[in-house]
Amino acid sequence: MEDTRPSLPTKTDIAIIGAGPHALTLVTHLLQKRQTMRGKILVFDPSGKWITRWQHQFAALEIPHLRSPAVHHPDPNPFALRKFAESRAGELFPPYDLPGTQLFQDFCQDVICRFSLQQQVIPQAVTRIQPLPHPLRPRLRLWLQDGQSIMLRRVVMATGNCKLQIPDWVTQIEVEYPHDRICHSNSVDLRKLRLTGERVLIVGGGLTSGHLAVGAISRGAKVHLIMRRHLQQKLFDAEPGWLGPKYLKEFFAEQDYEKRLAMILEARNGGSMTPAIAMQLRREVRSGNLRIDENCQVIQAEWMGENWRVKCSDGSQHEYSRIWLSTGTKFDVTSEVLLQEVLEAYPIKIVKGLPVLDEYLRVPGCELFLMGGLAALQVGPTARNLSGARMASEKIVPAIVKPTIALSHSRSA
């Protein structure tokens, strides 16, 4: 099929880096408010397609359905997914109509077609964001992997990039070992594995570790799940009250950003499993395929040439053929290479890795906007979720469509 993507202009109004659910949500919200923006938005993602990484992660972990109810998705109309699913009611899972993975994927493709966005994603990685400060017309220049550059009024970063959290004991392993024998959950692809007769250690107590345990057992492995706390059962990763004014009112009233961060951490409260996955795990424990140790941590792992020998904080020792680290990720603006020059030109307050943005999610003084986990101090605990994508879009869109809010007119807090 012939590629009908537009050739790159030397300058345009807005570029979005990343083509995941957050970027798609922002584009649909922008076009709903201003059809005339259509020719002025460029979206960059090395894959050249929408939601590629999202699809890969869900497929790699064989996740059957989303954790968010059917009202959270990239279409500006909250009821669009329910309408789309009218003939596919069996793909909405109880208790709150959680969309099946395939249903959500098909719905996103439908959104992409309805908004005519099929050719919108340019298959290029952005390698550098160069700020061009100016008292009246500040600009940003994006440099691409093929050496091209483009001048922009505004840039939105919606990559979802985060730092993998790797436990200290991993960095202390002294002997060389095969790197597929210990890896972060982000790089596990269950579809490629045969695990008959293997013993797999999974470290972490979040939903991902549950999916990994179920997937490994279905491939013939015996699994040991170790978590440093008690297994937490929750339907959502943050209380539904965080989706509206119930909790957010107090959050936005808090002007101390350290306290806001504490509220975010308390709301998310580390990893948790859905009741459905927890029930599946209990069934596997009863059938002898799974062992769960709560309030337990790995203190040392040693590669013995064929297997790992692992010492735990409860004094026990075990052997495994492979270890998966479901130890989560952390959002840290200081480790984001693309943002370094911008943060040098526009120094801002950073609280434990999270930037303090203005109310439109801009880096103050600059037309660079952030979505996803990096916007948590302004969006709240669900910033990285689908609901957070909608909340972020509602903050960013006015700054793009209303000239009075553009930086050339105002210097907002």
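**Questions of definition in a predicted model**

Student: Why is K83 called exposed?

Tutor: K83 has a relative accessible area of 56%. Exposed means over 50%, buried under 20% and partly exposed in between, with a 1.4 Å probe and protein chains only, so at 56% K83 counts as exposed. The model is a predicted one, in which local features need pLDDT of at least 70 and side-chain atom pairs count only at pLDDT 80 or more, whereas totals for chains, interfaces and linings use all residues. Residues are numbered from 1 along each chain as its sequence is written, and side-chain values use heavy atoms, with hydrogens and water left out.

Student: What makes the contact of K83 and E86 a salt bridge?

Tutor: The term requires a side-chain nitrogen of Lys or Arg within 4 Å of a carboxyl oxygen of Asp or Glu. For K83 and E86 the N to O distance is 3.8 Å, so the pair qualifies. E86 is also exposed, at 58% relative accessibility. The structure holds 21 salt bridges.

Student: Which parts of the chain does the salt bridge of D237 and R268 link?

Tutor: The N to O distance of this pair is 3.1 Å. D237 is in the loop between β12 (222–226) and α7 (245–253), and R268 in helix α8 (residues 257–268), 31 residues apart. Helices (H or I, at least four residues) and strands (E, at least two) are DSSP runs, numbered from the N terminus. Both D237 and R268 are buried.

Student: How do you know that the length of α4 agrees with that of a helix?

Tutor: The expected span is 1.5 Å times one less than the number of residues. The 14 residues of α4 (residues 101–114) should therefore span 20 Å, and the end C-alpha atoms are 20 Å apart, which agrees. Buried residues of α4 include L103, F104, F107 and V111. Just after α4, S116 takes a positive phi of about 50°.

Student: What makes β11 a largely enclosed strand?

Tutor: Four of the five residues of β11 (residues 199–203) are buried, so the rest of the structure largely encloses this strand.

Student: How do you know that β11 and β12 pair?

Tutor: Pairing requires that DSSP find at least two bridges between two strands. β11 and β12 have five, in the parallel sense, so they meet the criterion. L201 stands opposite H224 in β12. The chain crosses from β11 through helix α6 (residues 207–218) to β12 in a right-handed β-α-β crossover; that is, with the strands pointing away from the viewer, the path from the first strand over the helix to the second runs clockwise. Four parallel bridges also join β11 to β17 (residues 322–325), where L201 has I323 as its bridge partner.

Student: Why are β10 and β13 called edge strands?

Tutor: The open sheet has five strands in the order β10-β17-β11-β12-β13, with parallel pairing. β10 (182–184) and β13 (290–293) each have a single partner strand, so one side of each lacks a neighbour in the sheet. The partner of β13 is β12, joined by four bridges, and H224 has R291 as its bridge partner in β13.
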